[in-house]
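Work through the exercises below with the sequence and the structure at hand. Each task is followed by a solution in steps.

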Amino acid sequence: FTYRDSLSALLNAIYIFQKLIRFHADDINPLIDVDIERIQFIFQNGVFANKDSLYESALKKVYTTFQNDEAAHAGYLLGQFLYQQGKETDSGKLIKEAVWWLKDVVIQHSRSRSAIESKNLLAEINSPELSLKTAKVNIPDKPFLTFVSFRNTNQISLRLVKITKQQNEEIYEEATQQKRFQKILSLPVFKSWNQDLPLMTDYLSHSVEIKTDALPVGEYLLIASKKKDFSLDSNVLAAQHFYVSNISYIQKGTNYFVLNRTSGDPLQNAKVEIWESVYNPQQRKSIIKKSRGIFTDKNGFFSIENTDSLKGSVTLNISTKKDYLLMDNQQGLYVYNPFEKNFDYDDQKEYDEDNARLFFFTDRSIYRPGQTVYFKGIGVTKNYRTLKNQLLKT
């Protein structure tokens, strides 16, 4: 090695490895474990460009040259390395190669510790994965798409559960995922069906969109299971919480507009219940309590004022005669008050441009590559004359 610092700890470590290997080179059982540690040390600390390929070649050489239980660790490290490379580059070919080496270690060196490590890694590689994603709110009486991510399975079972806000909160308060799913699976089933997925044998995660049939207004959990019996024993499950409602709203500060989710038209006389989150020191958790209720005007507008009796975070329950939307996400009461500074606009056009906002709505939340995106926009601005008159009154 060419070096400037003869006291370098890394350099001296390499020399120690080399001396140990040379000293025992003529032994009946050379120090294979030391050589493997040297290879790992160089790989972890090296900064040269081709160290990945050199690391792979060095492990293969040790494993195939000695072919004993001590060298089996090199086979395990090789499988581990190829698996990580495959995951990072989405290469099913590399992962399949990793599986081949790991299986060879298990077969050829079944009594070694490396065989146990290889079995554990093979179990991880072969383990199924499952997750679901839908739009937070879907339109009533219309089918919608569910985005499914999966690995090592080509069939899942699904069930829909209709829940209440209270039930959802009780599920969320459970301490572990197992207890949460125990509570979820104990709820009455609204609908169930089986879904085939593409057969993929590359050990990688894949995703598809599946159709979910039209549903009435309400709050739901969509549950997916690899096993048809939805058991918690050696099974993978996923659950997605969502709403079905044709109500939507846009917000700026404490001002809201309630709209029809499909058409964008304002919803007049929609009832808005404001639920406040208050911390209870005795129960050591936040309690949601009803604060007050108001109705939207002809433009679908209402406003929340940050008073002494209403602070922190609130939840909105918006309802009409045939629809309701009770979202679990809390709305922060960030106050924007233009009256706290001088109203220095003399020109209405300038004021309108400075306060203009554009809200976009798309026809779905997830698209496949190449799909057409349909969208609409609502442009709004503040009323110059009304605001100026209010300022003059105050």
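**Exercise 1.** Decide whether Ser234 is buried or exposed, and state where in the chain its place is.

Solution. The model is a predicted one. Step 1: the relative accessibility of Ser234 is 64%. Step 2: exposed requires over 50%, so Ser234 counts as exposed. Step 3: Ser234 has its place in the loop between β7 and β8. Step 4: its phi is near 50°, which is a positive value in a residue other than glycine.

**Exercise 2.** Classify the ring pair Tyr220 and Phe242, and say which parts of the chain the pair links.

Solution. Step 1: a pair of aromatic rings is described by the distance of the centres and the angle of the planes. Step 2: the model has 13 aromatic pairs under the rule of centres within 6.5 Å. Step 3: for Tyr220 and Phe242 the centres are 5.7 Å apart and the planes stand at 15°, so this pair is stacked. Step 4: Tyr220 lies in strand β7 (residues 218-225) and Phe242 in strand β8 (residues 237-244), so the pair links distant parts of the chain, 22 residues apart. Step 5: Tyr220 is buried at a relative accessible area of 0%, and Phe242 is buried at 0% relative accessibility. Step 6: Tyr220 and Phe242 form one aromatic cluster with Phe144 and Phe190.

**Exercise 3.** Classify the ring pair Tyr256 and Phe302.

Solution. Step 1: the centres of Tyr256 and Phe302 are 4.8 Å apart, with 5° between the planes, and the pair is stacked. Step 2: Tyr256 is in strand β10 (residues 255-260) and Phe302 in strand β13 (residues 301-303), so the pair ties together parts 46 residues apart in sequence. Step 3: both Tyr256 and Phe302 are buried.

**Exercise 4.** Work out the strand order of the open sheet formed by three strands, and say which strands stand at the edges.

Solution. Step 1: β1 (residues 129-133) and β3 (residues 144-151) run antiparallel and are joined by five bridges. Step 2: seven bridges join β3 to β6, again antiparallel. Step 3: the order is β1-β3-β6. Step 4: β1 and β6 (206-212) each have a single partner strand, so they stand at the edges and one side of each has no neighbour in the sheet. Step 5: direction ignored, neighbouring strands are turned by 25° against each other on average. Step 6: Ser131 has Ser149 in β3 as its bridge partner, and Thr146 stands opposite Ile210 in β6.

**Exercise 5.** Which side chains of β1 point to the buried face?

Solution. Step 1: in a regular strand the side chains alternate between the two faces of the sheet. Step 2: Leu130 and Leu132 point to one face and are buried.

How values were computed
Residues are numbered from 1 along each chain as its sequence is written. This is a predicted model: local features need pLDDT of at least 70, side-chain atom pairs count only at pLDDT 80 or more; totals for chains, interfaces and linings use all residues. Side-chain values use heavy atoms; hydrogens and water are left out. Buried means under 20% relative accessible area, exposed over 50%, partly exposed in between (1.4 Å probe, protein chains only). Helices (H or I, at least four residues) and strands (E, at least two) are DSSP runs, numbered from the N terminus. Two strands pair if DSSP finds at least two bridges between them. Rings of Phe, Tyr and Trp (its six-membered ring) pair if their centres lie within 6.5 Å; planes under 30 degrees apart count as stacked, over 60 as edge-to-face and the rest as tilted. Axes are lines fitted to C-alpha atoms, for helices over the stretch in contact, and angles run from 0 to 180 degrees between N-to-C directions.
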